[in-house]
Structures are given as structure tokens and as C-alpha cells.
Amino acid sequence: MMFYSVGIFLDLSKTFDTIDRSIFLLDKHFTYGIRGIAYKWIKIYQSDRSQYVYVNNVSPQHSPVRCGVPQGSILGPLLFIIYINDISTISNVREFVLFADDTNLFLQDISLSSLESRLNVELEKIST
């Protein structure tokens, strides 16, 4: 029997910068059992962050950072993985491979038209 296979490789650009902290802090941490002191520590770690650009010895006022995960630390990728980890539960496709902001999904079917239809359904779920 012949199978058709397809692999979709998603690079979720700017995902570290677009995480909604209210969803992340309130829902995801409790889902994964992060509570108490650890929860408070992560909340403080992500709260009251600001940014600025320093150009030609001029430093403008700091602007608050309202979304995203701090990058450049060991915690950044870990916090992002906690945030995105349940993406594989939105689909009946069991062949998900997740690594930070790279998400891969694999499908196979005996019918090319069925494979195409299933693929479009799964991509719509991921997009939503």
C-alpha cells in the first residue's frame, strides 16, 4: 500500500515578542502546576519591564514592554515552551515536533486529495 506524506515546518516569527502575559501568567502556569513562590517569582521576573534605544549618546525615555518573554536568558525559551506546549492538543495530528519557536507537523494518507484536505484543516486549527 502506498502512502503520501507531507511535512510542514513552521517558524513562528517574533513569537517570543508577542506572548500575551496575562494569558501566560494566569492560565498556563496554573495548568502546569506552577503556583506559590515560583509563580510569584516568574510574575515579578516578567513585570514592569521597559526598553529603550541608545543612539549617538542620546537615550530617550524608557517605554514599557507589555508583551513578550524576556530573551537572552535561560528562562526565555523555557517560558516560551510552557506557553506554546499545548499547540499539539488542538489537532488530531499526533506527529508534532516542537522546539522553541519551530513547530513541525507531519501527516500521511493513502489518498493525496484526502491528505490535502486534512492538511488544510490542521493548518486552519493552528492558525486560529
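Analyst: Four residues of helix α5 are buried: Leu-115, Leu-119, Glu-122 and Ile-126. Buried means under 20% relative accessible area, exposed means over 50%, and partly exposed is in between (1.4 Å probe, protein chains only). Seen down the axis of α5, these buried residues fall within an arc of 70°, so they line one face of the helix. The arc is taken from the directions that run from the helix axis to the C-beta atoms. Here is the background rule. An α-helix has 3.6 residues a turn, so residues three or four places apart point the same way.

This is a predicted model: local features need a pLDDT of at least 70, side-chain atom pairs count only at pLDDT 80 or more, and totals for chains, interfaces and linings use all residues. Residues are numbered from 1 along each chain as its sequence is written, and side-chain values use heavy atoms, with hydrogens and water left out.

The face away from its buried side carries the exposed residues Ser-113, Glu-116, Glu-124 and Ser-127. On the buried side, the cover includes β1, β4 (96-99) and β5. Helices (H or I, at least four residues) and strands (E, at least two) are DSSP runs, numbered from the N terminus.

In the protein chain, confidence is highest in α5 (residues 112-127), at a mean of 89. It is lowest in helix α1 (residues 15-18), at 68. The chain as a whole averages 80, and 90% of the residues score at least 70.

Asn-104 sits in strand β5. Asn-104 is buried, with a relative accessible area of 17%. Leaving out residues up to four places away in sequence, Asn-104 touches Ile-8, Phe-9, Leu-10, Glu-95, Phe-96 and Val-97. Contact means heavy atoms within 4.5 Å.

A search of the whole structure finds two aromatic pairs. The rings of Phe-9 and Phe-106 have their centres 5.7 Å apart and their planes at 80°, so this pair is edge-to-face. Rings of Phe, Tyr and Trp (its six-membered ring) pair if their centres lie within 6.5 Å; planes under 30 degrees apart count as stacked, over 60 as edge-to-face and the rest as tilted. Phe-9 belongs to strand β1 (residues 4-11) and Phe-106 to strand β5 (residues 102-109), so to speak distant parts of the chain, 97 residues apart. Phe-9 is exposed, at 59% relative accessible area. Phe-106 is partly exposed, at 29%.

The other pair joins Phe-30 and Tyr-39. Their ring centres are 5.3 Å apart and their planes at 65°, so this pair is edge-to-face as well. Phe-30 counts as partly exposed, at 38% relative accessibility. Tyr-39 counts as buried, at 11%.

In helix α3 (residues 36-46), the buried residues are Tyr-39, Ile-42, Tyr-45 and Gln-46. They cover an arc of only 125° around the axis, which puts them on the same side of α3. On the other side, Ile-37, Lys-40 and Ile-44 are exposed.

Finally, step back to the whole chain. The protein chain has five helices and five strands. Along the sequence, they follow the pattern β-α-α-α-β-β-α-β-β-α. Of its 128 residues, 30% count as buried. Among contacts between residues at least 6 apart in sequence, 60% join residues at least 24 apart. The chain exposes about 8,900 Å², and carbon and sulfur atoms supply 57% of that area. Accessible areas come from the Shrake-Rupley method with a 1.4 Å probe; for residues, only the protein chains shown count as cover.

Terms used
pLDDT is the predictor's confidence in each residue, from 0 to 100.
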